[in-house]
Amino acid sequence: MLHPDRSSCGLHISVQVIFVEASLCLSGFVRQVRKNTAAAAIKTRDWTIAISSCDTVLGMDPNCTKSLYRRALANWHLGEVEKANADLEAILKKPVTDYNMIAEASEVRPALCPVAAASYGSHAGHNDGRGRN
């Protein structure tokens with residue numbers, strides 16, 4: 001006869017493994033749903049929902065360039081130029097895996113510069129140290 005503590009040991013470990021696998025699967029599902037929610041929110045111009053969904057995804061996967069880009073876009077529409085610029089800079093610093101996202105971030109960032117310059121007022125002519133204003 002098996003020792004009472006050992007009789008359920010294998011079952012307990014199996015249940016834990018199944019629970020972890022289910023959690024990972026659910027986490028991936030939640031991440032994908034939140035990505036889709038952010039995309040839909042942008043199409044309907046619901047910027048706060050887009051940001052919230054992107055924040056959730058980035059909490060699970062900080063390297064998700066799509067969520068960084070979508071959050072930057074939503075922040076830009078809300079007039080949060082510094083936050084948008086920070087997300088675009090983060091995309092540009094990432095290893096290149098999604099060339100389309102990098103290209104979009106590169107195109108959007110210069111468009112933010114005049115907006116950022118206007119929001120800084122007297123700092124509009126300040127050079128950022130890389131030869132750009």
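Predicted model: local features only at pLDDT ≥ 70, side-chain atom pairs only at ≥ 80, totals over all residues.
Which residues make up the largest nonpolar core? The legends below start from the whole model and then take up that question.

View 1. Helices (H or I, at least four residues) and strands (E, at least two) are DSSP runs, numbered from the N terminus. Along the sequence the pattern reads α-α-α-α-α-α. Of the 133 residues, 26% count as buried. Buried means under 20% relative accessible area, exposed means over 50%, and partly exposed lies in between (1.4 Å probe, protein chains only). Residues are numbered from 1 along each chain as its sequence is written, and side-chain values use heavy atoms, with hydrogens and water left out. Local features need pLDDT of at least 70, side-chain atom pairs count only at pLDDT 80 or more, and totals for chains, interfaces and linings use all residues.

**View 2. Nine residues make up the largest nonpolar core.** They are Val-57, Leu-58, Cys-64, Leu-68, Tyr-69, Ala-72, Ala-84, Leu-88 and Ile-91. Helices α3 (47-60), α4 and α5 (81-93) each give two or more residues to this core. Another core, of six residues, lies apart from it; Ala-41, Ile-42, Ala-50 and Ala-74 are among them. A nonpolar core is a set of buried Ala, Val, Leu, Ile, Met, Phe, Trp, Tyr and Cys residues joined through side-chain atoms within 4.5 Å.

**View 3. Ser-67 sits in helix α4 (residues 65-77).** Is Ser-67 buried or exposed? Ser-67 counts as buried because its relative accessibility is 1%. Leaving out residues up to four places away in sequence, Ser-67 touches Lys-35, Cys-54, Val-57 and Leu-58. Contact means heavy atoms within 4.5 Å.

**View 4. Phe-29, Val-30, Val-33 and Met-60 make a nonpolar surface patch of about 310 Å².** Helix α2 (residues 9-43) gives the most to the patch, with three residues. Val-30 is found in helix α2 and is partly exposed, at 31% relative accessible area. Like charges are joined within 9 Å, and nonpolar side chains (Val, Leu, Ile, Met, Phe, Trp, Tyr) within 5 Å. Accessible areas come from the Shrake-Rupley method with a 1.4 Å probe; for residues, only the protein chains shown count as cover.

**View 5. Over residues 119-133, pLDDT stays under 50.** pLDDT is the predictor's confidence in each residue, from 0 to 100. For this stretch the model has twelve contacts beyond four places in sequence. The mean pLDDT of the protein is 74.

Conventions: Patch = residues over 30% accessible without salt bridge, like charges linked within 9 Å, V, L, I, M, F, W, Y side chains within 5 Å. Salt bridge = Lys/Arg side-chain N within 4 Å of Asp/Glu carboxyl O.
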